[in-house]
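Let's walk through this protein together, looking at its pockets and at one of its helices. Keep the viewer open as you read.

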Amino acid sequence: MKTNEELQKDVQNAIKWEPLLHAAEIGVSVKDGVVTLSGTVDGYFKKTEAEDAAKNVAGVKAVVEKIEVHYSNGFNKSDNDIATEVLKGLSDSWSVPDDKVKVKVENGWVTLEGEMPWNYQREAAKSAVNYLAGVKGVTNNIKIKSEVHDAIEKKDVEKALARSWALNSKDVNVKVDGTNVRLTGTVSSLYQKEEAGRLAWKTPGIWSIDNDLVVEYDYAFME
């Protein structure tokens, strides 16, 4: 049996072991597998690092992220400066197609819009922004519109899931409806849920994925 206190300590240790993070900056509270992260950091990338560290801890069913990004008083970068650096970051990334992303910056918060043929390109666009100074948050509204017009084969998605060492593909049900794929079933960690979605996205022809996998555990939480 695993208590909320034990899970809290596991998450705190996971954050502590991330070289880019200082555990003292981030508060961790836990209730029945739901982890809430709070506090203040001096870079958006630290916010995402903390969230990823928490998701990878066994026992975490969901992460509620309430971390705020605040830069030092001497730091001053305008939205125009941030937008210029975002555009350069996107241009420098070989994974991001040229002229496919529209950028809006408001009070340090970056919004990405546009259409791309592959999900890895959408993820690369967000990654290109994460480490830029001055960024307080990122909303990735880029949509996937595949250039591949072949029908999505359910078996291709299932094969992609079966190749992963981190998943028991028998626990994941795949349903294909046109250009949409829906994943249902149960997995034992939040990491596995996101990994299943990431692998499914590699199938040509997908425009959208509904990841309805439920995270369940063999143990109950005790106070």
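Leu 87, Leu 90, Ser 91, Val 96, Pro 97, Asp 98, Asp 99, Lys 100 and Val 101 line the second largest pocket of this predicted model. Helix H3, residues 79-92, gives the largest share of that lining, with three residues. By class, the lining of the second largest pocket holds five nonpolar residues, one polar and three charged. The space inside the second largest pocket comes to about 170 Å³.

Now turn to the largest pocket, which holds about 1,000 Å³ of space. It is lined by 26 residues, and those closest to its centre are Lys 55, Asn 119, Glu 123, Glu 194 and Arg 198. Which elements each supply at least two residues of this lining? They are helix H2 (44-55), helix H4 (119-130), helix H6 (190-200) and strand E11 (208-211). H4 provides the largest share, seven residues. If you sort the lining of the largest pocket by class, you get 11 charged, eight polar and seven nonpolar residues.

Finally, have a look at helix H1, residues 4-16. Its 13 residues, at 1.5 Å a residue, should span 18 Å, and this agrees with its end C-alpha atoms, which are 18 Å apart. Which residues of H1 are buried? The buried ones are Asn 4, Leu 7, Val 11 and Ile 15. Viewed down the axis of H1, these buried residues fall within an arc of 75 degrees, so they line one face of the helix. On the face of H1 turned away from that buried side, you will find the exposed residues Glu 5 and Lys 16.

Methods:
Residues numbered from 1 in each chain as written. Predicted model: local features only at pLDDT ≥ 70, side-chain atom pairs only at ≥ 80, totals over all residues. Heavy atoms only, no water. 1 Å grid on protein atoms, 1.4 Å probe; cavity = no way out; pocket = protein on both sides within 12 Å on 5 of 7 lines; lining within 4 Å. Points joined across faces, edges and corners; volume = space filled by probe spheres on them. Helix = DSSP H or I, 4+ residues; strand = E, 2+ residues; numbered from the N terminus. Nonpolar A, V, L, I, M, F, W, Y, C, P; charged D, E, K, R; others polar. Expected span 1.5 Å × (residues − 1). Buried < 20%, exposed > 50% of the residue type's maximum accessible area, 1.4 Å probe, protein only. Arc of directions from axis to C-beta.
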